[in-house]
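Student: Please take a close look at a single part of this model and go through it residue by residue.

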Amino acid sequence: MIVSLTGATGNMGREALLELVKLDSVAKVKILVLPNDTKRAKFVIKRCKKYKKKIEIVYGNLVDKATCAEIVRGAKYVVNLAAVIPPKSDKQPSLAIDCNEIGVKNLVSAIEALDEQPKLIHTSTVALYGNRNHLHPWARVGDPLLVSPLDLYSITKLRGEFAVLESSIKNWAVLRQSAMLHTNMLADNMSDGLMFHTCFNAPLEWVTAHDSGVLIANIIKKDIEKDLGKRFWKQCFNIGANGRNQVTGYDTLNDGFKLIGGSAKDFFKPYYNAARNFHGVWFYDGKKLNDLFDYVSQDVSDYWQQIGKKYWYYSFGKLISKKIISKMAIQKLFKDDNSPAYWYKHGDEAKLVAFFGSKEEYEKLPNKWENFNLLIENKGPNGEEIDYKKLKSPKYANMLDYGYDFNKKDSAISKEDLQNVAKMHGGKLLSKEFKTGDIYAKLKWQTQDKETFEASAFSVLRAGHWYNCCYESYAWDFDRLAKKDKIYAQIWYDSHSKDENNLYEMDKNFNTLMRTTK
């Protein structure tokens, strides 16, 4: 049996490859490698040691249709882990479009064209849920997809996922990856202003690259043993972990700096990082996937212990002044064009508004930690008392109103449910006929702007998709849309005021723009 794997040289991909080649039922793993990525390909193959003969390299790019046809040919399973992620997607947006959007559509078309279709496992991302804070830190599949303004990575992943959901592939599954802990994380984040995008109070759920790789292998192993059927195929899941892996942005930075004998407060100031416009949640339904495939074996503490052992020389940082480290390693990134300090210095109003609310709000952020409220210290943004332990319990999660009974079985979804959801969005269901429970049938919908689009009941009700300008242009119009969309409003106004009227855009050169919609 052949498994085709894209993204094999990436952090999750190389772990998935390592697990897949160990399966007795897998005779060959075809991996797609970019022509200029031979060095990393040799590295990941070398890790597989005695299983190297099971690996076949296909050189090419997902943007090339012929390459897509080659990688899927003869495969029983296609696992798409290929993605261009931040900060690379910020620096080279055209690559993100080619891989995350056009490449996925090409891959889907290649599978659709086959008489004997392989099963497709497609990885999506937590970034689709957009910015979350203490008001709605928990998300589940079906929540509205409010991709953060000016985040091109999220918008391309949104479109790629939608292409999979609306495809004619007989068996697909979409896995929305959480934040991922991998061995290159520190190096990646210490070389770009991206680290300042993480809100200190943002909810973050981490899964290690190792566990993510085990998940992919376990899915295929279990499906071979006994077809998973409707329990898994044609479903969308969040790749969750457990409570110990559900932390905040501050926690994550703090754990990293413990390696050099300090804390986040020693190296950061409160005004360094964004106040909103990040993407992180705790997965309310993350346990569902682990119950099926039993892949979680590592938690955050395990990860940091591994990093401490592998990069033992980090401990020498304990001998250096914390002020010097902050200046040489952290503050030097203020010059990077991905940092808030750079936006402020160069007058990038669009990004300052998107990430802080305004230039004035950015200037108001305190210099001292005693004047900044952290959730882990049981303080809300305005200094109100917050029970952080209770906030982290799914038992007390503040879930959304979708306009229908979310706990209904798929077979019971009715036309009335579809009409109610459309109405909550400020739109309409245009299709006259709907057979109760036929959630994959193509339907016509109308948005609040009277634009029409086609999507299945599954995509809208179960996966949270609802057409807006993000699906076709690099524009984010949620300030205006949330005023009439009751589903969007529940999340959007957690971090935006109702008197904001901004349309965020990117021009043809991916320069950031903003204009009012009044």
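Tutor: Contact, or touching, means heavy atoms within 4.5 Å. This is a predicted model, in which local features need pLDDT of at least 70 and side-chain atom pairs count only at pLDDT 80 or more, while totals for chains, interfaces and linings use all residues. Residues are numbered from 1 along each chain as its sequence is written, and side-chain values use heavy atoms, leaving out hydrogens and water.

Not counting residues up to four places away in sequence, Leu-120 touches Val-78, Asn-80, Leu-107, Val-108, Ile-111, Val-164, Ile-169, Asn-171, Trp-172, Ala-173 and Trp-233. Leu-120 is among the residues with the most contacts inside the largest nonpolar core, together with Leu-418, Trp-445, Trp-476 and Phe-478. That core has 102 residues (a core is a set of buried Ala, Val, Leu, Ile, Met, Phe, Trp, Tyr and Cys residues joined through side-chain atoms within 4.5 Å; buried means under 20% relative accessible area, exposed over 50%, with a 1.4 Å probe and protein chains only). Helix H5 gives the most to this core, 8 residues. A second, separate core of 45 residues includes Val-26, Ala-217, Phe-237 and Ala-241.

Helices (H or I, at least four residues) and strands (E, at least two) are DSSP runs, numbered from the N terminus. In H3 (residues 65-72), Thr-67, Cys-68, Ile-71 and Val-72 are buried. Seen down the axis, these fall within an arc of 125°, so they line one face of H3; the arc is that of the directions from the helix axis to the C-beta atoms. Lys-65 and Ala-66 are exposed on the face turned away from the buried side. After H3 comes Gly-74, with a positive phi near 80°.
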